[in-house]
Amino acid sequence: MTPKIVCENISKFFIQKGKQRVHVLEDISLEVMNNEFLVILGPGQSGKSTLLRIIAGLETPTQGRVLKDGKEITGPGQDRGLVFQSYMLFFWRTVMGNVEIGLKLRGVEKKERRKIAQHYINLVGLEGFEKHFPHQLSGGMKQRVGIARAYANNPEIMLLDEPFGQLDAQTRMFMEKETERIWQTEKKTVIFVTNNIDEAIYLGDRIVTLKGKLPGRMDAIYDVPLPRPREHTDLEFVELRQMITDKSELVL
Amino acid sequence: MSNTIADEIVHHVKERQPLTIWSVLGNEYFLYCVSFISFLLIWHFIAAAGLLGLATPEATIKEMIRLMSVKLAGKNLFGHIWASSRRILIGFAIGAATGLPLGLFMALNRYVNAIVKPVFDLFKPMPPIAWISISILWFGIGEPSKVFIIVIGSFVPCVLNAYAGIRIIDPELYDVIRVLGGNRRQEIFYVSFPAALPALFAGIQISMSVAWTCVLAAELVSSRSGLGWIIIRGMKLTKPELVLGGMAVIAIVAWIFSAATSGIEKLLCPWKRGIKEL
Amino acid sequence: MPYEEVKVKQPIIFKILAILSLLTFFGVWEFIVDAGIVPSTMLAAPSKVAILFVKKLTQANPDGATLGAHAWMSAKEAVTAYVLAIIVGVPLGLFMGWFKVVRGLARPIFEMIRPIPPIAWIPLCIFWFGIGIWGKVYIIWIAGIVPFTINSWVGVNMTDPALIQMARTYGATDWQIFTKICIPSALPMIFGALQISLAYCWTNLVGAELLAADKGLGFLIEMGRRLAMPEMVVLGMVCVGIGGALIGIVVDVLERRLLAGIRR
Ligand SMILES: Nc1ncnc2c1ncn2[C@@H]1O[C@H](COP(=O)(O)OP(=O)(O)O)[C@@H](O)[C@H]1O
Ligand SMILES: [Mg+2]
């Protein structure tokens, strides 16, 4: 089986303030299989967002390239959906308006796009909130809209950038369960970025860890062979958690 | 008895207090009434004592009611209100119709910005009232010169706010459209415009208040109609009730204009209805 | 090391465009007047304005004062009114924010007077003060006080309730809370009013001087019109623009210093 996404020796430099060159990513190579749930785990400031944005096509790598189904990615496209760390909802649109925007951009007729959007609103559990505006929703609900918006556009690959980073611990665990449920309902290739080990082990088929401090480098790759749904208190869960903690400088 | 906001902020869930004389005296609305009535009373006594050259509130109101039916220079009070309002509406419409698009273009296109901004910056610090004299040189003392000043006065805030409105948009919002497969045109229509709308309205509000200052200045300098003219007329005839009445009517009409703008904003920006702002 | 200094070439095209744009502006302006496309009774060429500028530096005629005297007059009025606006507006706003009674009593009057454009006071001012400096100061003061009052009031109201609660638990009195917590936390808001108020002041200064003055930059503009000397009108406008920009820069520096002061 050929991998869905291949990153070949990606390096990225940014120019900041017009005079300072920052090395953000160094020599990242990874493969993501079809319908795989891959988690990228790394501390803050290790270039995780940048890597995801490169795969999304929002940034171009300075060196290396990204292939999707064997073809090089040159820009953003409908085949890859991105869920943003800080939600990035359109505050001037209702929940329905936010979820249907991707379909609207592609000129899907109104009745059709309402139907599709409604399906995904129901899928993420926001039924009854269609007419609410983002500022009327809690953090967890906002990110549900973000997920529904990406899903409604029917991408082949979902990219999630620390989607629950701003939520409190309890909501976060709940949203992780929900994410798993949604992924089980509509299987897609998922690349999920996080800085939280528990989240990574709970969700991932495989975990790629990045080394902290710029530039971000690949550290190790772990398989997570645990059956789903997983329990944070399972022995194997705890053991794997211990192993990753020991090997990386990540604490917690 | 709480007499500072410290209690209001800290004990905002305090249980209802019994109705005592103190709670009535400290009630905000009661104080508003006290303030309003004492304002009128003080005004009345100062005027009745012949101080400061004021007319009493009664005389002022009576004069305004009289003007509703009696014509002054061919127009009753509503005619004069309309004369000023019409200048504002025309001037403002032209100023906004040119200023808002220019500001948007400057923010969206670096070339337009590089060409227009230096010249615009030359004019920006110049108060619109400073244009009155040259406007009279150019257009004479008729309607066009007054409208021109209002155009200038509303143009600048419209450009500035449209420009700022686009510039403060989080660039990641554009990325949303891009990852969903949208193009540059769609970025502008689905993100730039709606996200900048509140800032446009802020510009419109400022323009409105500048426009009132401008129309008054223009009417004070030279005119035969309008609320500014009523004030000047009152001064020339030493009829203080006309001056004060004119000021009161201006306050009311200007307030209505600004309330109407807020109303339209609420209509066009439904998402702002729930957000409480000061 | 992830960070490294590099030289990046900025596209020079934008700078060239900006310079070209300014040159074209002044060029066209000069040309349309010199070539007689716009009659010289309506607009003066930049060169003529510059000549008049040099002349007016020393000469009082034909409007009765040198340029320096006009500018000094305007600056004096503006600064006096501005300072008075701070002295009255800030405490008023602070008290309105803190004391319910002050707010209840002052707010209706404030809201009634606020929508009246300040220059509508001119006839009353002429009657009260004549056309001397104080009438104009009054009008500019009315214009300048509004932002200070509103921002101080809002600033006090936005004080973090947690801070007040903390002070309460340490047994602070209301007055201590007001002076030690509410006022300092309102300061950034109040500094924010410095620029806004200044712009209002400057606009209304010109209005007041156009209508009731015998000296000042606004008066210079109006005299230019009466004497049918467009170069004087333009000179006045240019000076008003430069003056406004200069005071704006001074206030901006001041604001930054003050803000840096309270951060420390
Ligand atoms: N568009 C950009 N321009 C300049 N620097 C950037 C840009 N995007 C990211 N960076 C820099 O890259 C570094 C890593 O950022 P990021 O990818 O967000 O890391 P993480 O998501 O792991 O916290 C940051 O220090 C940031 O300053
Ligand atoms: Mg990040």
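# Close-up views of a predicted model

View 1. The model is predicted. Look for Asp234(A) in the loop between strand 10 (218–223) and helix 8 (235–247) of chain A. Its relative accessible area is 36%, so Asp234(A) is partly exposed.

**View 2. A cis peptide bond in chain A.** The bond runs from Arg228(A) to Pro229(A). Its omega is near -10°. Where does Pro229(A) lie? Pro229(A) is found in the loop between strand 10 and helix 8 of chain A.

**View 3. A nonpolar patch built from chains B and C.** On the surface, Ile21(B), Trp22(B), Val24(B), Leu25(B), Phe30(B), Val34(B), Val101(C) and Leu105(C) form a nonpolar patch. Together they have about 690 Å² of accessible area. Three helices each supply at least two residues of the patch: helix 2 (21–25) and helix 3 (28–48) of chain B, and helix 4 (100–113) of chain C. Which helix gives the most to the nonpolar patch? Helix 2 of chain B does, with 4 residues. Leu105(C) sits in helix 4 of chain C. Leu105(C) has a relative accessible area of 35%, so this residue is partly exposed.

**View 4. Asp69(A), a residue with a positive phi.** Asp69(A) is not a glycine, yet its phi is positive, at about 50°. The residue is found in the loop between strand 4 (63–68) and strand 5 (71–72) of chain A. Is Asp69(A) buried or partly exposed? Its relative accessibility is 42%, so Asp69(A) counts as partly exposed.

**View 5. Asp69(A) again, now with its partner Lys4(A).** Side chains of opposite charge can pair when their charged atoms come close. Here the side chains of Asp69(A) and Lys4(A) meet in a salt bridge, at 3.4 Å from N to O. The pair links distant parts of the chain, 65 residues apart. Asp69(A) is in the loop between strand 4 and strand 5 of chain A, while Lys4(A) is in the segment before strand 1 (5–16). Over all chains, the count comes to 38 salt bridges.

**View 6. Tyr87(A), another positive phi.** Tyr87(A) has a positive phi of about 65°, although it is not a glycine. It lies in the loop between strand 6 (80–83) and helix 2 (95–99) of chain A. Tyr87(A) has 10% relative accessibility, so it counts as buried.

View 7. Arg172(A) forms a salt bridge with Glu176(A). Their closest N and O atoms are 3.9 Å apart. Both residues lie in helix 6 (residues 169–185) of chain A. They are 4 residues apart, about one turn of the helix. Are they buried or exposed? Both Arg172(A) and Glu176(A) are buried.

View 8. The side chains of Arg256(C) and Asp252(C) meet in a salt bridge, at 3.0 Å from N to O. Both lie in helix 10 (residues 230–263) of chain C, 4 residues apart, about one turn of the helix. Arg256(C) counts as exposed, at 57% relative accessibility. Asp252(C) counts as partly exposed, at 27%.

View 9. A disulfide is a covalent bond between the sulfur atoms of two cysteines. Cys214(B) counts as buried, at 1% relative accessibility. Cys125(C) is in no disulfide either; the nearest cysteine sulfur is that of Cys201(C), 14 Å away. Cys125(C) counts as buried, at 2% relative accessibility.

**View 10. Lys48(C) and Glu231(C), brought together by the fold.** Lys48(C) is found in helix 2 (residues 46–58) of chain C. Its relative accessible area is 43%, so Lys48(C) is partly exposed. Lys48(C) and Glu231(C) are 183 residues apart along the chain. Their C-alpha atoms are separated by 6.5 Å.

Key
Residues numbered from 1 in each chain as written. Chains lettered and ligands numbered in written order. Predicted model: local features only at pLDDT ≥ 70, side-chain atom pairs only at ≥ 80, totals over all residues. Heavy atoms only, no water. Buried < 20%, exposed > 50% of the residue type's maximum accessible area, 1.4 Å probe, protein only. Disulfide = S-S within 2.5 Å. Patch = residues over 30% accessible without salt bridge, like charges linked within 9 Å, V, L, I, M, F, W, Y side chains within 5 Å. Areas by Shrake-Rupley, 256 points an atom, 1.4 Å probe, with all protein chains shown as cover. Salt bridge = Lys/Arg side-chain N within 4 Å of Asp/Glu carboxyl O.
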